[in-house]
Amino acid sequence: MATESAMTGDAAQAYRVLCDFCSTMLTESPSGELLGRLIDQRELLLEEPFSAVALEAATGLHDLLASADKQGREDFETAVKRDYTYLFYMVGASHTSPFESVYRTDDRTMFGPTTLEVREAYRAWEVQVPEFGSTPDDHLGYEFAFLAHLLGAAADAQGVSEDDAAKRAFADARTFLSDHVLVFARVYLKNVKARAKEPFYRHVAGIAEATVASLADALDARAADEIDEAAYLLAR
């Protein structure tokens with residue numbers, strides 16, 4: 001796989017697309033408009049970069065969307081919205097908090113030290129989360145959005161032969177992966193797959209898992225810290 005200095009602009013753009021997708025799926029409420037757009041554009045899930053990085057999960061999501069289009073969108077929308085509420089708002093019941101600090105503090109609290117570290121990483125690139133100050137910055141969906149921002153910046157810099165700027169963006173993406181995403185995303189996404197009541201978010205989590213693993217390989221990134229996965233992993 002390509003290292004950060006050897007990754008092409010096309011590869012960076014491909015990973016940007018994947019990270020943007022994962023960010024949207026993990027942060028946006030599944031409105032009828034969003035789900036309708038996914039259904040209408042589902043064939044893209046069978047193409048690169050999805051087919052190259054997350055073939056099984058992307059194919060599964062494509063087939064689920066095709067079935068929803070055939071059998072009725074309204075029931076599908078209702079089921080996905082119900083699961084979204086359970087996974088992202090009823091975390092006391094689902095135990096699937098998307099916030100990094102929950103996995104990296106002894107008392108499993110939000111707005112922990114890693115939240116501020118993530119905020120500083122964003123600030124260095126003039127990035128700010130929606131509802132700044134009231135929503136923790138270390139939501140995995142926002143972290144995916146930040147990676148997409150860095151990869152887009154790297155690709156743009158390469159496009160105009162600004163090699164130093166590209167190297168900085170790739171280096172910061174590698175560091176952010178190592179210091180934050182790789183430490184907790186695997187456990188969180190496995191828990192989403194275990195606790196989701198509908199297949200939609202299981203497929204989304206599968207695409208996100210594959211994206212993190214492939215991007216880490218491409219940038220030669222390794223988790224800088226370890227958490228006790230057994231303490232956090234949930235049974236189905």
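1. A count of the salt bridges gives 15 in total. Please keep in mind as you read on that this is a predicted model.

2. Let me start with R73 and D40, whose side chains form a salt bridge with an N to O distance of 2.7 Å. The two residues sit 33 positions apart and join distant parts of the chain: R73 belongs to helix α5 (residues 73-88), and D40 to helix α2 (residues 32-40). How open is each partner to its surroundings? R73 is partly exposed, at 33% relative accessibility, while D40 is exposed, with a relative accessible area of 55%.

3. Next comes D137 with R119, a salt bridge in which the closest N and O atoms lie 2.9 Å apart. Here too the pair links distant parts of the chain, 18 residues apart: D137 is in the loop between α8 (113-123) and α9 (140-159), and R119 is in helix α8. Buried or exposed? D137 counts as buried because its relative accessibility is 1%, and R119 is likewise buried, at 16%. The cut-off for buried is under 20% relative accessible area.

4. The R168 and D172 salt bridge has its closest N and O atoms 3.8 Å apart; the definition asks for a nitrogen within 4 Å of a carboxyl oxygen, so the pair is counted. Where do the two residues lie relative to each other in helix α10? Both are in that helix (residues 163-195), and because they are four residues apart, about one helical turn separates them. R168 is partly exposed, at 41% relative accessibility, and D172 is partly exposed as well, at 28%.

5. L18 is buried, its relative accessible area being 0%. Which residues does L18 touch, leaving aside those up to four places away in sequence? The contacts are P49, F50, V53 and T211. As for L46, which is 28 residues from L18 along the chain, the C-alpha atoms of the two leucines are separated by 13 Å.

Note on methods:
Residues are numbered from 1 along each chain as its sequence is written. This is a predicted model: local features need pLDDT of at least 70, side-chain atom pairs count only at pLDDT 80 or more; totals for chains, interfaces and linings use all residues. Side-chain values use heavy atoms; hydrogens and water are left out. Buried means under 20% relative accessible area, exposed over 50%, partly exposed in between (1.4 Å probe, protein chains only). Contact means heavy atoms within 4.5 Å.
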